[in-house]
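Colleague: I'm new to reading folds. Could you walk me through a sheet and the helices beside it?

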Amino acid sequence: MKRILIVFAAVAMLASCNSKKRLAEIKSLQEARDKAVASLNDCDQRTADLRSQLSAKDNDLQGKDKQVGDLQAQIDYLKKTNTNLLDRMSDLSIVSKSGAESIKKSLETLNEQTKYTNNLNASIQRKDSLNLALVMSLKRSLDDINDQDVQVEVKKGVVYVSISDKLLFKSGSYDITPRAETVLGKVAKVVNDHKELDILVEGHTDIVPISTASIKDNWDLSALRATSVVRTLQSKFGVAPERMTAGGRSEYIPKDDNTTSTGRQQNRRTEIIITPKLDQFFNLLSNGQAGK
């Protein structure tokens, strides 16, 4: 009888151990499932953001395509009108040689204008495609940075990387923080892969005045902060200095209302603006004008 009791006790203990082990396994699986669901939700949000940007870009391209289509329709109409006029005048014996030459030159000019319009449209489409690729590369590179501290977007046809001052600098200072160097290194990696682009760094402040032994006012602070960013990109991450420009905008280009603390926080920022080289577009314009 005693042996039977011992056997029953052993079986009960074994069942209890197995139950605890099973509960631990279930808890571990539930935790893994919760992490997977959170990760999936984050991916869904990022996918939705990218789709929204792509939709906005599609709308922008459709508007530009319509403009180009309207110009092409006008050119086609003028070409048809001039061609008909030339055909009619060729049947008249009174057409002078100088008149025919004038019409011929007009047609040649029209052809040059058409070529110029086509080249300009192609350049705009290439630039838009490059901007989208840059935004996606920067967002992937800065994936682990808080969206409130770093924002990447396309404005006025160029790419803006807006970095909050609380990430870049200590209050009232223009010394780059170690955490900010990590962010600037990621931005530098992307811009170094696109050496055909220039970088404009702009410092912005809120309306709260500042005056210290080394900083006279907000103009001074914004310019010093922009210069610190440019110097870091050059000295620590190898961005070519001839590609960069540093500028201070003080408090005069706010993003938000300066009467609230949240608005002032949004206004204290440094913007890295990635732009096409201006001489490339000036050359395109010059080439187009040369045919007129």
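Modeller: Let's take the sheet, then the helices. This is a predicted model, where local features need pLDDT of at least 70, side-chain atom pairs count only at pLDDT 80 or more, and totals for chains, interfaces and linings use all residues. Residues are numbered from 1 along each chain as its sequence is written, and side-chain values use heavy atoms, with hydrogens and water left out.

Colleague: In what order do the five strands of the open sheet lie?

Modeller: Strands of a sheet pair through backbone hydrogen bonds, either parallel or antiparallel. Here the order is E1-E2-E5-E3-E4, with mixed pairing. Strands (E, at least two residues) and helices (H or I, at least four) are DSSP runs numbered from the N terminus, and two strands pair if DSSP finds at least two bridges between them. At the edges, E1 (150-155) and E4 (244-248) each pair on one side only.

Colleague: How many bridges join E3 to E5?

Modeller: Eight, and these strands run antiparallel. Glu202, for one, has Glu271 in E5 as its bridge partner.

Colleague: At what angle do H4 and H5 pack?

Modeller: Axes are lines fitted to C-alpha atoms, for helices over the stretch in contact, and angles run from 0 to 180 degrees between N-to-C directions. H4 (residues 178-192) meets H5 at about 70°, their axes 10 Å apart. The two are therefore roughly perpendicular (under 35 degrees is roughly parallel, over 145 roughly antiparallel, 65 to 115 roughly perpendicular, the rest oblique). Contact means heavy atoms within 4.5 Å; among the residues making it are Leu184 of H4 and Phe237 of H5.
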